[in-house]
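Please view the sequence and the structure before reading on.

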Amino acid sequence: MPEQTPDEAISPAGAGGVMDLALEEGATLEKTPGGPEGTGPAEKPRSLWSDAWRDLRRNPVFLISALIILFLVIISIWPSLIADQDPLNCNLGTAQEGSQPGHPFGFDGQGCDVYTRTVYGARNSVTVGVCATLGVTLLGGFLGGLAGFFGGWWDSVLSRLTDVFFGIPVVLGGLVFLSVVISSTVWPVIGFIVLLGWPQIARIARGSVITAKQNDYVQAARALGASNARMMLRHITPNAIAPVIVVATIALGTYISLEATLSFLGVGLKPPAVSWGIDISAASQYIRNAPHMLLWPAGALAVTVLAFIMLGDAVRDALDPKLR
């Protein structure tokens, strides 16, 4: 009588028994969550944006700058939450006086409360920065995206046009453009910044779109008959917008500083508008006798610009795959 192999001793059916064991083992693996080790369901692949948000939440620079910006936005919308006086209510009898009860920052050259004017000055500065950034991003991103996607004569015309705008000094252009404007609102300043600021975003968007449209998934979509609009909206824009967001975030602080510079020179916002640039300009002639008049609006401006620059740096680090 021939000897039985170990497999035949376990399964009298021979090869059929081995097959049954394999099927039972496969069924057991299917019931085990997450694979053979039972580690739970497989995680969904993370995208660039989810990875960036995870990194930003762990970045103290982002958290500090975001809290400062959130505070600025809140007092820009509701300045009366922390300042219960009128920024235009002035008393010449208290001009240039220092800190007093109820007036922690003292008074300016016209007897206006410096604390109240500093709080209300955030509204115009933040409004100019946010609106100018949105306008620059939309205009520059649209023109640069079209140039990068279609190329040809459109790309050539846009490249020469951006070269012309890059050759215009910003401050000199502001002196010429805004000197003929008599409005004291923020809109002429916003329009000027958008007019001279879009070429930078356009160049960033153009290069990013040129890089994105060469990827395999875009070529596959084109081969499947996708329209130009669908490729731009579904495949190219989501993968090309990250550099634009980074540059726009950093530029926002620059635009706030530019508004203060133009207001300091007398061509930006004009009285009775309340602006940090106007207050710094008015306080510059009293810096020896009453330095507090210059200290507080200049400090608020510096903190605001620094917060937006820090936010832009944190966003850049989170969206840059090379830093992972």
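The crossing of α5 and α10 is right-handed; a crossing is called right-handed if the near helix is turned clockwise from the far one by less than a right angle, and left-handed if anticlockwise. The model is predicted, so local features need pLDDT of at least 70 and side-chain atom pairs count only at pLDDT 80 or more, while totals for chains, interfaces and linings use all residues. Residues are numbered from 1 along each chain as its sequence is written, and side-chain values use heavy atoms, with hydrogens and water left out.

**Crossing of α5 and α10**

- The contact is made by G145, F149 and F150 on the α5 side and by N228, M231, M232 and I236 on the α10 side, where contact means heavy atoms within 4.5 Å.
- Helix α10 spans residues 228-240, and its axis lies 12 Å from that of α5 at a packing angle of about 115°.
- Axes are lines fitted to C-alpha atoms, for helices over the stretch in contact, and angles run from 0 to 180 degrees between N-to-C directions.
- The two helices α5 and α10 are therefore roughly perpendicular to each other; the classes are roughly parallel under 35 degrees, roughly antiparallel over 145, roughly perpendicular from 65 to 115 and oblique for the rest.

**Crossing of α5 and α6**

- The axes of α5 and α6 come within 7 Å and cross at roughly 140°.
- That angle makes α5 oblique to α6.
- Here α5 passes α6 in a left-handed crossing.
- On α5, the contact is made by L143, G144, L146, A147 and F150, and on α6 by G152, W154, D155 and L158.

**Helix α6 and its faces**

- Helix α6 has 15 residues, 152-166, and reaches 21 Å from its first C-alpha to its last, close to the 21 Å expected at 1.5 Å a residue; the expected span is 1.5 Å times one less than the number of residues.
- Its buried residues are D155, L158, S159, T162 and F165, with buried meaning under 20% relative accessible area, exposed over 50% and partly exposed in between, for a 1.4 Å probe and protein chains only.
- Seen down the axis of α6, these buried residues fall within an arc of 125°, so they line one face of the helix; the arc is that of the directions from the helix axis to the C-beta atoms.
- They pack against α5 (114-150) and α8 (187-212).
- The exposed residues W153, R160 and V164 are carried on the face of α6 turned away from its buried side.

- L63 sits in helix α4, residues 60-77, and is partly exposed at 39% relative accessible area.
- Leaving aside residues up to four places away in sequence, L63 touches L56 and R57.
- The C-alpha atoms of L63 and L311 are separated by 8.6 Å, although the two residues are 248 apart along the chain.
- N239 lies in helix α10 and counts as partly exposed at 47% relative accessibility.
- The C-alpha atoms of N239 and S208, 31 residues apart along the chain, are separated by 8.4 Å.

**The chain as a whole**

- The chain has 13 helices and zero strands; helices (H or I, at least four residues) and strands (E, at least two) are DSSP runs, numbered from the N terminus.
- Of its 324 residues, 40% count as buried.
- Among contacts between residues at least 6 apart in sequence, 68% join residues at least 24 apart.
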